[in-house]
Amino acid sequence: MAAPICLLLKRSQLVWLFSLFSSAIAFIISVLLLQQVMSSGVISYELGGWEAPWGIEYRIDKLNAFLLLIISAISTVVLMAAQTSIEKEIPKEKHTLFYILYLLSLTGMLGIVSTGDAFNVFVFLEISSLSAYALIALGQDRRALWASYQYLIMGTIGATFILIGIGLMYQMTGTLNMQDLSQRLPEVAQTRTVFTAFAFIIVGVCLKLALFPLHLWLPNAYAYAPSIVTAFFAATATKVAIYLLIRFTFTVFGLSFSFITLPLQELFLLLGLTGIFVASSAAIYQKNVKHVFAYSSIAQVGYIIIGLSTSTISGLTATLLHLFNHALMKSAIFLALGAIVYRLGNVQLSSFNGLGRQMPLTMAAIVIGGLSLIGVPLTVGFVSKWYLLTALLDKGWWPVAILILLGSLLAVIYVWRIVEVAYFRKPLAGSVPVQEAPLFFLIPIWLLIIANIYFGIDTRLSLQVASAAAQSLFGVSP
Amino acid sequence: MIIGHFNDWIVVVLMMIGLYIVIAHGNLIKKIVGLAIFQTSVFILYISMAKVEGGSAPILAEGITQFSNPLPHVLILTAIVVGVATTALGLALVVRINEAYGSIEEEDIQHLDNQTQDETQIQATEGDQS
């Protein structure tokens, strides 16, 4: 696997190139993996040569391969802009450290996704989160420290909850391998220990993925982290947590246990809906544009969770599609914000006045990303919302579908506020004219935006993979 | 019942103490202490679950027929390392927070933050007017 590539400690300017290189290799490997998995089924790799139920197993099925692709692609694109962005935001002597942390975090995420061992999940989770805390603390503002500290407390509680859950499962079944667990758990499914384990794991994972009542760490952490870090984490960190949620509810505990024995369906639906509304309305009142989009991330998590709560194949397909699409649009938007930070030094809404004329390409990227968040046709946001709505209507939950459309209207409001300030107001008198963002920003931003539009028009690729993954998940769980 | 599950009771009590400290205390160092207690309780959970009555360490030697399950012990070794790393990072953050804010009390920090937010807002409105 591509995981151990992070062993670099070179102290030179070449670090950036090397990180980009390793991330790109990870991306290529994951593309190949996806192809192989799509054609020939599950690949498993036994670490250290021990057989599966005893040794640690890396297991790649369609879902993992899809997620691996998202993470490594986003990481590669974001890294392209990294060198230019951190020049201004991080002191020079810390650049090497920044890349080491970044790669460690990437390793952790790829590890979580590829491993087939429940305890290994915890270890990789901590690898990626510990480096995430440190990355966020690198932000310029002193509030970054405080945000990072809060994230550390919440994240550690979440991870420890997962650890407790895994411990209890081990106590009941005597195995840590996910496949093995899924076979042995039904025998003991009606015991209270398993219920407790399930509850601990779900709460822990939901802390990590910032589901509505547990989202408090997210806005500040995203807003004060260095822009590159935000772009990377907004696109990947919550996605990894959602992957864990899907993996645990569908594969390990099995569909019938998660959704029929326990009222998870109603719970997720309710939390997802409140999440959409509360977070979108909070986004409308924010003054810092990074805050706006951080809150909108929480709202998007709401959509993803609703797709999950339908527990049908089409719902799950919508969830996976939205996972992919949301990663594309959010990383594009946050990268564009990074470019604005590079030129302006801050992202307060009030300093956006007239920016539409001064940085046309960057602002256009934000607008397209925003349209995609709303779900305008021809962008990716439309595709996934379309599938989500179809899934809900199939299920007969039309009130939910209406509420989701209303939620999208809230997105219109917060995106419009930014558009209005940027395009229809004159630049402040006496403010220094700003130039367009440097090329190293524009290339990755527009790569992502073009991907946004491309996958909004030609959905075959993403849809095929997502529905194949969803079907295989339902195949595994009886 | 109570004596039989002695370990578990300790675990639960420690866990609650730890969580309570994390939630209720305003002092950042104390929060980290609470977090450490919380994690320790989980370590005990794992270790006690693997212990077999009368079992010894899993060494190949004569006269040892019964031994404890070594796997959770090994797992928890990893988790302890993770816990140490978390505590170290947390404390390092507290040091930096103390340098930046001059305080490690949650209330003071939030107060200072609100002030800076107000200031930026005032600056922004002034900017609009000019």
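What follows is my notes on the chain contact, the nonpolar core and one alanine.

**Entry one: the contact.** I reminded myself that this is a predicted model. Then I looked up where chains A and B meet. I found 29 residues from chain A and 32 residues from chain B in the contact. On the chain B side I asked which elements give two or more residues. They turned out to be α2 (28–50), α3 (70–101) and α4 (106–129) of chain B. Of the elements on that side, α3(B) gives the most, with 14 residues. I also sorted the chain B residues that touch chain A by type, and got 20 nonpolar, 8 polar and 4 charged.

**Entry two: the core.** Next I went to the largest nonpolar core, which has 201 residues. Which residues touch the most other members? I noted A:Ile136 and A:Leu335. I followed up A:Leu335 and left out residues up to four places away in sequence. Its contacts are then A:Val78, A:Ala81, A:Ala231, A:Phe441, A:Pro444, A:Ile445 and A:Leu448.

I found A:Ala365 in helix α15 of chain A, which covers residues 360–374. Is A:Ala365 buried or exposed? There are 25 other C-beta atoms within 10 Å, and the cut-off for buried is 20 or more, so A:Ala365 counts as buried. Not counting residues up to four places away in sequence, A:Ala365 touches A:Ala332, A:Ala336, A:Ile445, A:Trp446 and A:Ile449. I also checked A:Ala365 against A:Leu448: they are 83 residues apart in sequence, and their C-alpha atoms are 9.1 Å apart in space.

Note on methods. Residues are numbered from 1 along each chain as its sequence is written. Chains are lettered from A and ligands numbered from 1 in the order in which they are written. This is a predicted model: local features need pLDDT of at least 70, side-chain atom pairs count only at pLDDT 80 or more; totals for chains, interfaces and linings use all residues. Two residues are in contact if their C-beta atoms, placed from the backbone, lie within 7 Å. Helices (H or I, at least four residues) and strands (E, at least two) are DSSP runs, numbered from the N terminus. Ala, Val, Leu, Ile, Met, Phe, Trp, Tyr, Cys and Pro count as nonpolar, Asp, Glu, Lys and Arg as charged, and the others, Gly among them, as polar. A nonpolar core is a set of buried Ala, Val, Leu, Ile, Met, Phe, Trp, Tyr and Cys residues joined through C-beta atoms within 7 Å. A residue is buried if 20 or more other C-beta atoms lie within 10 Å of its own, exposed if 12 or fewer, and partly exposed in between; C-beta atoms are placed from the backbone.
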